[in-house]
Amino acid sequence: MKRELSVPGIAYGGDYNPEQWPEEVWAEDMRLMREAGVTMVSVGIFSWALLEPSEGTYDFSLLDRVLDLLHDHGIAADLATPTAAPPAWFFRAHPEALPVDKDGRGLSYGSRQTFCPSSPAYREAALRMAGELARRYADHPALAMWHVHNEYGCHNAECYCDESAAAFRRWLRRRYADDLDALNDAWGTRFWSQWYYDWDEILPPRPTGAVPNPTQQLDWRRFSSDELLSLHEAERRVLLEAAPEIPATTNFMVMYNFDALDYWRWAPKLDVVSNDHYLQSADPESEIDIALSGDLVRSLAGGPWLLMEHSTGAVNWQPVNRAKGPGELRRNALAHVARGADGIAYFQWRAAKAGAEQWHSAMLPHAGTDSRIWQDVVRLGADLKALAEVRGSVGTAEVAVVWDWNARWAMELPSQPSGELRFQDLVRAWYEPLWRAGVAVDFVRPDADLSPYRLVLAPSLYLVDDAGAANLTGFAERGGTLAVGFHSGAVDENCHVRLGGYPGAFREALGVRTDELFPLLPGESVGLSGGGTGTLWSERVRLSGAEPVESYTTGPLAGVPAVTRHGLGAGTSWYLATLPDEQTLAALLDRIRTEAGVRPVRETAPGVEAVLRRGPDADYLFLINHTDRPAEVTVAPNATELLTGKPAPGSVGVPAGETAVVREPR
């Protein structure tokens with residue numbers, strides 16, 4: 001049973017760390033939170049050392065006062081188990097719980113998440129702490145949700161110590177039904193004399209003199225994700241026992257620089273899916289990354305979700321930490337709401353004056369209330385209050401993009417035909433033209449129910465099992481349109497090459513057969529018959545029923561098909577055997593989606609993002625103007641712009657850099 005968050009409307013707030021400040025500051029915090037429209041804050045995330053000053057000795061007096069204060073001011077608490085940062089006394093007592101990196105270096109305590117996920121001592125201490133917290137606050141009137149841990153795997157996704165090695169072997173014995181021959185077959189250990197005769201011979205993929213076994217590395221990534229998931233589930237059970245009606249979440253990190261966890265496996269374990277998302281300062285169009293992340297998180301959640309962390313301005317952990325421009329704070333937050341977020345929160349409420357994140361922006365910056373950030377924070381609070389009715393509404397996509405962490409991990413292992421391929425980059429390359437065209441997108445796993453969609457795109461699906469391949473193929477056979485990117489279907493779930501020619505699992509469905517791959521060097525390109533160019537990849541494609549749409553015009557494959565189209569059952573399949581330049585790819589995807597009958601959410605000027613959320617009685621059209629020019633967008637004759645409360649009969653104006661949210665009754 002999924003439990004729902006009881007905070008009404010679009011929840012608003014951030015991480016609140018009152019332990020960093022004198023108690024006389026707290027009253028000002030409450031007053032300013034009310035002024036900003038804050039309705040929920042996360043508390044206690046990194047408070048373990050204060051709550052348990054020595055093993056088995058607890059002091060909840062500070063947290064008692066904080067929760068009482070929040071309740072007195074009508075602010076809900078997302079109460080965290082503080083298990084992401086064990087205190088120093090724990091590591092003095094249990095130095096074996098410290099993680100070991102891939103090169104065998106033991107890491108020290110002194111920051112956060114410096115524990116081995118497989119440590120029995122850590123698990124025992126963490127569950128004991130969670131239990132004490134749960135029993136004390138299960139009935140507290142401020143408690144609205146449990147916040148389990150924080151950003152699992154952010155700094156310790158993999159530990160290579162002997163305890164982790166033993167846990168890895170236990171995980172493998174479960175995966176392969178205690179059959180060592182099955183593991184040897186899956187790992188292909190006849191190669192390089194890697195055959196195992198005893199489970200105790202198996203180690204994590206530590207550095208060796210040559211390239212480690214690819215399936216061993218893939219199973220290690222799977223194990224590492226599952227090991228952290230088991231910690232989450234153990235804490236969740238403790239909380240559930242004490243407070244069976246209170247929902248729980250943990251904050252994912254669906255963003256460009258994190259790939260450690262298979263969130264398809266995690267999402268069903270959460271009552272409420274939450275995400276942390278931060279912009280990449282070097283990305284000139286970070287709004288596209290926000291959209292991609294939001295669509296993926298909504299897809300993981302199967303509906304609305306919470307943005308648990310993002311920044312009001314600059315972060316502190318990139319080479320150069322860029323402040324946000326005028327209106328960007330508001331555009332970023334409302335873009336997340338547009339793509340399904342029913343809550344907006346920041347790290348953190350009050351900017352720290354000491355510690356590793358002292359230069360990270362906050363809702364209340366170092367400059368205080370006499371600052372643009374504060375003005376924007378207050379304005380956003382009013383915006384979210386005006387959007388309360390949007391809560392619970394859902395997306396409307398007819399296009400699905402296949403996303404699979406196993407495929408991502410496998411493709412980015414060493415000894416590939418090209419080390420230049422990056423899963424996230426390839427998916428974004430295909431996603432970006434759809435975003436520019438205003439086309440709604442969901443993300444799906446290969447074995448998902450595809451019946452709601454007209455078009456399914458698989459930009460990068462190097463690894464796929466037989467069931468996933470059959471599911472995608474069957475979608476096209478039943479009348480859908482399937483488009484597949486190069487180097488997809490190449491290996492099965494064990495990273496074994498599918499013999500008989502490429503693209504392996506999709507060869508027959510696409511009506512093509514490739515006998516040799518010709519990856520391109522960095523900076524190298526090939527001409528395409530439509531006038532564009534291809535980069536990263538090329539291959540010698542032979543037609544087996546498909547028709548050529550584009551061909552190579554230069555290089556050793558001149559005249560060979562580069563893009564193909566194939567009638568498959570009642571549907572159509574496409575294959576892109578290179579990465580076309582931006583304009584060519586956009587034109588191809590425009591043709592593919594048009595043939596599939598997919599239309600944009602709304603026709604808008606370039607740079608004006610249009611996103612639709614659908615409620616039971618009305619549609620909510622979000623219009624985000626990323627340009628320096630005002631825009632006018634056609635809307636329903638009985639529409640209302642919610643942020644101003646004004647009628648918008650037939651059209652709405654969106655000033656440069658601003659956002660409009662239009663209710664269109666049905």
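Figure 1. Helix 1 is followed by Gly-37, a residue whose phi is positive, near 85°. The structure shown in this and the other views is a predicted model. Within helix 1, which spans residues 26-36, the buried residues are Trp-26, Asp-29, Met-30, Leu-32, Met-33 and Ala-36. These buried residues pack against strand 1 (11-16) and strand 2 (40-43), and also against helix 3 and helix 12 (372-386). An α-helix has 3.6 residues a turn, so residues three or four places apart point the same way.

**Figure 2. The packing of helix 1 against helix 3.** Two packed helices are described by the angle between their axes and the distance between the axes. For helix 1 and helix 3 (residues 61-72), the angle is about 30° and the axes are 11 Å apart. Because of this angle, helix 1 is roughly parallel to helix 3, and the crossing of the two helices is right-handed. From helix 1, the residues Trp-26, Met-30 and Met-33 take part in the contact, and they meet Leu-62, Arg-65, Val-66, Leu-69 and Leu-70 of helix 3. Sorted by class, the contact of helix 1 with helix 3 has seven nonpolar residues, one charged residue and no polar residues.

**Figure 3. The packing of helix 3 against helix 5.** Helix 3 also meets helix 5 (residues 120-137), and here the two axes come within 12 Å and cross at roughly 40°. At that angle helix 3 is oblique to helix 5, and helix 3 passes helix 5 in a right-handed crossing. The residues of helix 3 that take part are Leu-63, Asp-64 and Leu-67, which meet Leu-133, Arg-136 and Tyr-137 of helix 5. By class, this contact of helix 3 with helix 5 has four nonpolar and two charged residues, with no polar residues.

Figure 4. A pair of aromatic rings is described by the distance of the centres and the angle of the planes. Across the whole structure, a search finds 30 aromatic pairs. One of them is formed by Tyr-58 and Phe-60, a stacked pair at 5.9 Å centre to centre, with 5° between the planes. Tyr-58 is partly exposed, with a relative accessible area of 22%, whereas Phe-60 is buried, with a relative accessible area of 6%. Phe-252 and Tyr-263 form another stacked pair, in which the centres are 4.0 Å apart and the planes are at 20°. Phe-252 belongs to strand 6 (residues 251-252) and Tyr-263 to helix 9 (residues 263-266), so this pair ties together parts that are eleven residues apart in sequence. Phe-252 is buried, with a relative accessible area of 1%, and Tyr-263 is also buried, with a relative accessible area of 2%. Ring pairs link Phe-252 and Tyr-263 into a cluster together with Tyr-152, Phe-258, Trp-264, Trp-266, Trp-403, Trp-405, Phe-423, Tyr-431 and Phe-443.

Figure 5. Asn-471 lies in helix 15, which covers residues 466-477. With a relative accessibility of 18%, Asn-471 counts as buried, because the cut-off for a buried residue is under 20% relative accessible area. When neighbours within four places in sequence are left aside, Asn-471 is in contact with Pro-446, Asp-447, Ala-448, Leu-450 and Arg-478.

**Figure 6. The surroundings of Glu-163.** Glu-163 is a residue of helix 6 (residues 162-175), and it is partly exposed, with a relative accessible area of 32%. Not counting residues up to four places away in sequence, Glu-163 touches Ser-118, Ser-119, Pro-120 and Arg-170. Glu-163 and Thr-250, which are 87 residues apart in sequence, are 25 Å apart in space, C-alpha to C-alpha.

**Figure 7. The surroundings of Glu-658.** Glu-658 is placed in the loop between strand 27 (651-654) and strand 28 (659-665). The residue Glu-658 is partly exposed, with a relative accessible area of 21%. Residues up to four places away in sequence not being counted, Glu-658 touches Arg-330, Arg-379, Leu-623, Ile-624 and Asn-625. Along the chain, Glu-658 and Gly-104 are 554 residues apart, and their C-alpha atoms are separated by 51 Å.

Notes
Residues numbered from 1 in each chain as written. Predicted model: local features only at pLDDT ≥ 70, side-chain atom pairs only at ≥ 80, totals over all residues. Heavy atoms only, no water. Axes fitted to C-alpha atoms, helices over the stretch in contact; angles between N-to-C directions. Helix = DSSP H or I, 4+ residues; strand = E, 2+ residues; numbered from the N terminus. Parallel < 35°, antiparallel > 145°, perpendicular 65-115°, else oblique. Left-handed = near helix turned anticlockwise from the far one by under 90°. Contact = heavy atoms within 4.5 Å. Nonpolar A, V, L, I, M, F, W, Y, C, P; charged D, E, K, R; others polar. Phe/Tyr/Trp six-rings, centres within 6.5 Å; stacked < 30°, edge-to-face > 60°. Buried < 20%, exposed > 50% of the residue type's maximum accessible area, 1.4 Å probe, protein only.
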